[in-house]
Amino acid sequence: LQGNYYYGQVIDDAALNPKNVSVTECEYDWACARAGLPVFVFQVPEKQPIVLDPEELHRANDREKQLAFRRRAAHPGSIFATFKSIAELRELTMQALTQWEREHASTSSPATPADPAAPDIKAVPHPELCLGRGPDTDRIVAGVLGDRPYVLVQGPGGIGKTTLTQQAAHDGRVAARFGERRWYAELETATAPIDFDAAVLRALGLEASAGFGAALAKLGQAPSLLVLDNLETPHAPPHGSAIEARLGALAAVPGLALLASFRGQERVGGLRWGTRISVGPLEPAVAKELFLEVAEIVSPEDPALPGFLDALGGVPLAICLTAREAASRASLSGLWADWQRLGPQVADW
């Protein structure tokens, strides 16, 4: 992506730059030679101010060279376009990738064998424990197997969104549809669109530098499920529109189902979600079952247990952390006394 054709200096090394052209044109030639695929060139309008080295100013007036490069960059199969804003650039880029992938999906050559040095494919982890989420699981399964297979699972932190999506992804009905083509992109640390792209690529077993188009191509080879965990991180300002553009590109991939977890109730655009689920606290009986399952030796008749369950409010993460702290105790009385004095910090949450 270049701001202007004649921005910057000319490479002086004749071996690297035999045509004595600008860095932009040199980079274009290198990309064409290495990629073996169309190269998309996006340029700001000529009226945009640019800064040039004084010795290079005469090149900005060399109209014939500039026009010749434009004609070459716009050869059939490639794309050359101008943009006026970053938002327009994002849109043009995603449209170009989606258009090219659609046009070449049926004629593309067979996938090359995996590079032994490439990252391992990130399969969906098995949830450690998922209780009381049967109806929500069924809704998710119906959603990813439906006509509009895009499911958004929302709720507060610690409510069990990740566990629920993992549970649904391992449901027998989902496994029967997608087989091993169920992938899991961890986005908790993806704070920018480039991190989102890298996480998806890694989930698919591709190099992070392969480009988002490579992810779209692999996902389009056969029916697939892509789980996007903690989508709220890359979607946070100022990157929401860029991430939504990527969601739109993913939704355009034939046969792809999307299952995303998102902390909070914020609207997430970019596609028409077929199913939206708001996850709430566990029912009291299920909360008690979860606590006792994790705490192991605590008696269901322990007099301090009702107080703990009321304080934990049916939030699965809070229940698990507190129950783990109680797991080595035969009685909850001491831990409950500490809780009344110190609060949740006794369970390190």
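Modeller: This is a predicted model. Helix 13 spans residues 305–312, and its buried residues are Leu-305, Phe-308, Leu-309 and Leu-312.

Biologist: How do the buried residues of helix 13 fall when seen down its axis?

Modeller: They fall within an arc of 95°, so they line one face of helix 13.

Biologist: And what covers the buried residues of helix 13?

Modeller: The cover includes helix 12 (284–295), helix 14 (316–326) and helix 15 (333–342).

Biologist: What follows helix 13?

Modeller: Gly-313, with a positive phi near 60°.

Biologist: Switching topic. Where is Asp-197 found, and is Asp-197 buried or exposed?

Modeller: Asp-197 is in helix 8, residues 193–203. Its relative accessibility is 12%, under the 20% cut-off, so Asp-197 counts as buried.

Biologist: What is Asp-197 in contact with, leaving aside neighbours within four places in sequence?

Modeller: On that basis, Asp-197 contacts Phe-212 and Arg-246.

Biologist: Now the largest nonpolar core. Which residues touch the most other members?

Modeller: That core has 40 residues, and the ones touching the most other members are Phe-196, Val-200, Phe-212, Leu-226, Leu-228, Leu-231 and Leu-250.

Biologist: Take Phe-196. What is Phe-196 in contact with, again leaving aside neighbours within four places in sequence?

Modeller: Its contacts are Leu-187, Ala-190, Phe-212, Leu-228, Leu-231, Pro-234, Ile-243, Arg-246 and Leu-250.

Biologist: What other core lies apart from the largest one?

Modeller: Another core, of 24 residues, lies apart from it; Leu-290, Leu-305, Phe-308 and Ala-323 are among its members.

Key:
Residues are numbered from 1 along each chain as its sequence is written. This is a predicted model: local features need pLDDT of at least 70, side-chain atom pairs count only at pLDDT 80 or more; totals for chains, interfaces and linings use all residues. Side-chain values use heavy atoms; hydrogens and water are left out. Buried means under 20% relative accessible area, exposed over 50%, partly exposed in between (1.4 Å probe, protein chains only). Helices (H or I, at least four residues) and strands (E, at least two) are DSSP runs, numbered from the N terminus. The arc is that of the directions from the helix axis to the C-beta atoms. Contact means heavy atoms within 4.5 Å. A nonpolar core is a set of buried Ala, Val, Leu, Ile, Met, Phe, Trp, Tyr and Cys residues joined through side-chain atoms within 4.5 Å.
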